[in-house]
Amino acid sequence: MPLKHINATEAKRLVDDGAILIDVREHGEYAAENIPGARNHPMSRMGHGPLEFDAPVIVFHCKSGGRTRMGAQALANCTRAEAYILDGGIEAWKAAGLPIKRG
């Protein structure tokens, strides 16, 4: 099933309602700056089995949206949850004035 694209405000609402936020950037990028509560699962490790999280909804994000757009099919294949892509990634999250955590 194709992933739906949402903006930062919609992603924040979903996370507040219990969705899991998955950061697909590499570990170093995540360590330097991340969205509080996001779980790091690098895109480079996708395909090593399904992601099993206890949540009905997942929101994937990267830095600016490029990796998630290019890897949308792999992301869709790794979960049975209702899944979304945060358009614009963490950069859109910051632009919306939402909180981040710096390493």
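Predicted model: local features only at pLDDT ≥ 70, side-chain atom pairs only at ≥ 80, totals over all residues.
Helices (H or I, at least four residues) and strands (E, at least two) are DSSP runs numbered from the N terminus, and two strands pair if DSSP finds at least two bridges between them. Strands of a sheet pair through backbone hydrogen bonds, either parallel or antiparallel. E1 and E6 run parallel and are joined by three bridges; isoleucine 6 has leucine 86 of E6 as its bridge partner.

Axes here are lines fitted to C-alpha atoms, for helices over the stretch in contact, with angles running from 0 to 180 degrees between N-to-C directions; contact means heavy atoms within 4.5 Å. Residues are numbered from 1 along each chain as its sequence is written. Local features need pLDDT of at least 70, side-chain atom pairs count only at pLDDT 80 or more, totals for chains, interfaces and linings use all residues, and side-chain values use heavy atoms, with hydrogens and water left out.

Within H1 (residues 8-16), the buried residues are Ala8, Ala11 and Leu14. Seen down the helix axis, these residues fall within an arc of 120 degrees, so they line one face of H1; the arc is that of the directions from the helix axis to the C-beta atoms. Buried stands for under 20% relative accessible area, exposed for over 50%, and partly exposed for values in between (1.4 Å probe, protein chains only). The cover over the buried residues of H1 includes strand E1 (4-6), strand E5 (57-61), strand E6 (82-86) and helix H5 (89-95). On the other side of H1, Thr9 and Asp16 are exposed. Both ends of the helix are worth a look. At its start, a side-chain oxygen of asparagine 7 comes to within 3.0 Å of the backbone nitrogen of threonine 9, and just after H1, glycine 18 adopts a positive phi of about 110 degrees.

Two further buried positions follow. Aspartate 23 lies in strand E2 and has a relative accessible area of 0%. Its side chain is joined to that of histidine 61 by a polar contact of 3.5 Å (a pair of N or O atoms within 3.5 Å; within protein, one must be able to donate a hydrogen and the other to accept it, and residues adjacent in sequence count only if both atoms are side-chain atoms). Not counting residues up to four places away in sequence, aspartate 23 touches residues including Tyr30, Asn34, Arg39 and His61.

Glycine 89 is found in helix H5 and is likewise buried, with a relative accessible area of 0%. Glycine 89 and cysteine 62 are 27 residues apart in sequence, yet their C-alpha atoms are 4.9 Å apart in space. Leaving aside neighbours within four places in sequence, glycine 89 is in contact with His61, Cys62, Lys63, Ser64 and Gly65.

Turning to the whole chain, five helices and seven strands are present, running β-α-β-α-β-β-β-α-α-β-α-β from the N terminus on. Buried residues make up 44% of the 103 residues. Of the contacts with a separation of 6 or more, 68% are between residues 24 or more positions apart.
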